[in-house]
Amino acid sequence: MFLYAINTGYKYTERKRSDDSSVGYERGEIMRRLLNGYYGKVTVVLIVFLMILSIGTSRVQSAEPVDKVEVLVGFNDMSAREQNRGLVRAFGGEIYAEFGIVDVIAARMTPQQASALARNPRVSYIEPDSEVHALAQDVPWGIDRVFGAEDYSFGTWDSSRGAGIGVAVLDTGVDMDHEDLEVVGGRRFYLRGLTLRSDDQYNDVNGHGTHVAGTIAALDNGIGVVGVAPEAKLYAVKVLGDNGSGSVSAIVAGIEWVYNRSDISIINMSLGSSTYSATFENACNRAYSEGILIVSSAGNSGNTEGTGDTVGYPAKYASVVAVAASDINDGRAYFSSTGLDVELIAPGMNIKSTVPDSKYEDGWSGTSMASPHVAGAAALVWGTDPTMTNEEVRGILADTAGDLGLPTEHQGNGLVRADLAVGDDGPVTPVTYTLTIGPSVGGTTDPLEGEYDYESGDEVTLTATANPDYKFDRWVIDGNAVYDSETSITMSKDIRADAYFSLIPDEPGIEPIIEVSTDKVDYSGNTWVYITAKVLDPTNPMPGETVNVVVAPPSGSITSYTGMTDPSGQVVFKYRLLKTSPKGTYNVDASINWEGTTIVDQTFFTVK
Ligand code: CA
């Protein structure tokens, strides 16, 4: 599909096609198709779109009968530059531009003159200098998305903000005075009359270029929006007119301007055409071979089903990174072009960014909006290491892209991920480890027996408490014995901990004995009886034992005493004998209570 056909509304006729054939072009099918194009579109021929979705049907061109068309004449040997110029002029061509980056002279001539010139062996090809349109959508949702976060991941910016990396926006210009953009330089290239002109009037009127520039590098200044690489150096290369269209010659001149500088690493072209141009491709190849990374919108020519190869140019050129558009649900934007040339996908639906007069607009949709997300990410990657090659940066963007689960023809390598591309792994995802407490006999543990999940780094205190008759023995934690009943562990892996308790053995059996005696055996009359009770284990004295002594006379009431053994294991009681005390035998019992049983010793004395 030739975009100019759609945009001019001009109807081809078979008659004109016949006329074309009658010219008898000799340079093959491409040439024939191109020159068919000249007839089909009497004025300017080929158009590359601004890839804005909303543009499209309004472009109408007058069909004034002009004999001459703008063509790009490719030469086999540019060293013979003067001869080449002479050749073009000899065939009636009016030269309006020449390039150093490609062996091409831009000239205006009639199709018949072009046809004749094309037969010359010095000429490798002739193609129309087609028009190129910008394709088109605060995206702050898109910015979030390419940083892999719901909230804008400023952590990535700790690694790189794209500082010092030059990014040229080849577009409708950029608002030079926008509060949220810092444009460090630029140039305008445009075709007027017979001349490819250039000047410093790269200010944006259309809005497209300003919107694209904001997604790449809107400032992190607390106002407006923010771009992927807020410290990248923005260059505005205005190669599309205020209506969003431009010629291949102007774009190639823009590429050449970038190529001739040393401070620009990235070209973003949110523009495209369905028509191939050898001049355009060669210029891209040349810039790429010199280390410049070129990023472009894949096109807005996709169908709802996402079938067919609809990637446009320059995105389709191998030296250019083709970027498809995704929506907020990580699906393919319904308009996004499809095909195996799609290299990455990036947010391109309902995007907010900067527009002229220090304003902001939401709701822009198009692969034009997707491409600058990738250009910004490339600037971040390059910012981490300016010695990288463009191929390395391109490879990193591809390798770190996130699979959206879409067909390859829709997403290429996947969603561009600036965070991963600069090596920002983002917040550490907590790792869960399991603590297993084994069953225990003779005590309880805290935590109780069971399995518990903890996050990496959590500190857990283990406590073991013995039951009666048991004592804590040890923890065994992953095979290592710990002899403190309370211990702390740090979860850095799955851990098993078992508490061991042991039964307290009975004390060895002690059978105490008690020995009771009186100071004499026989007493008479008025005196004291000294009764001594001694408790032994049975070898050693047992102090502190309670001893009961009962004295039973031959008649009358008994007398009881209670006392405690001294450190020598003895306790002494005094029993009073009167002159009137009955005569006869007095029994003396001494006893202690030992673990529920009574241990007794007996003696006696006599009163005469
Ligand atoms: Ca801002």
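# Briefing on a predicted structure

Y235 and W257 are both buried. They belong to a model that is predicted, and every value below is computed from that model. The points that follow cover aromatic rings, a helix, a strand, a calcium site and a loop residue.

**Aromatic pairs**

- The rings of Y235 and W257 have centres 6.3 Å apart and planes at 65°; because planes over 60 degrees apart count as edge-to-face, this pair is edge-to-face.
- This pair links distant parts of the chain, since Y235 is in strand β10 (residues 233-238) and W257 is in helix α9 (residues 248-259), 22 residues apart.
- The rings of Y313 and Y317 have their centres 5.2 Å apart, and their planes meet at 35°, so this pair is tilted.
- Both Y313 and Y317 are buried.
- One aromatic cluster is formed by Y276, F280, Y313 and Y317.
- The count of aromatic pairs comes to 12.

**Charges over rings**

- The ring of Y500 has the charged end of R474 sitting over it, 4.7 Å from the ring centre.
- The ring of W528 has the charged end of K574 sitting over it, 4.8 Å from the ring centre.

**Helix α9**

- Helix α9 has 12 residues, and the distance from its first C-alpha to its last is 16 Å, close to the 16 Å expected at 1.5 Å a residue.
- Because 12 of the 12 residues of α9 are buried, this helix is largely enclosed by the rest of the structure.

- Strand β2 (residues 69-75) is mostly covered, with 7 of its 7 residues buried.
- In a regular strand, side chains alternate between the two faces of the sheet.
- From β2, V69, V71, V73 and F75 point one way, while E70, L72 and G74 point the other way; all of these residues are buried.
- Strand β4 (residues 104-109) is joined to β2 by 6 bridges, and the two strands run antiparallel.
- Within this pairing, V71 stands opposite A107 in β4.
- Strand β5 (residues 123-128) also pairs with β2 in the antiparallel sense, over 5 bridges.
- The bridge partner of G74 in β5 is Y125.

**Calcium site**

- The calcium ion is coordinated at 2.2 to 2.7 Å by D180 (OD), D180 (OD), L219 (O), N221 (OD1), I223 (O) and V225 (O).
- Along the chain, the donors of the calcium ion follow the spacing D-x38-L-x1-N-x1-I-x1-V.
- The 6 donor atoms subtend angles of 51 to 174° around the calcium ion, which makes the arrangement irregular.
- Among the residues that supply donors is V225, and V225 is buried, with a relative accessible area of 6%.

**Loop residue K520**

- K520 lies in the loop between β27 (513-518) and β28 (522-523).
- K520 has a relative accessibility of 43% and therefore counts as partly exposed, because that class runs between the 20% limit for buried and the 50% limit for exposed.
- K520 and F605 are 85 residues apart along the chain, and their C-alpha atoms are separated by 7.3 Å.

How values were computed:
Residues numbered from 1 in each chain as written. Predicted model: local features only at pLDDT ≥ 70, side-chain atom pairs only at ≥ 80, totals over all residues. Heavy atoms only, no water. Helix = DSSP H or I, 4+ residues; strand = E, 2+ residues; numbered from the N terminus. Buried < 20%, exposed > 50% of the residue type's maximum accessible area, 1.4 Å probe, protein only. Phe/Tyr/Trp six-rings, centres within 6.5 Å; stacked < 30°, edge-to-face > 60°. Lys NZ or Arg CZ within 6 Å of the ring centre and 35° of its normal. Expected span 1.5 Å × (residues − 1). Donors = N, O, S within 2.8 Å, 3.2 Å for Na, K, Ca; no water. Tetrahedral: all angles 85-135°; square planar, octahedral: opposite > 155°, others 65-115°. Pairing = 2+ DSSP bridges.
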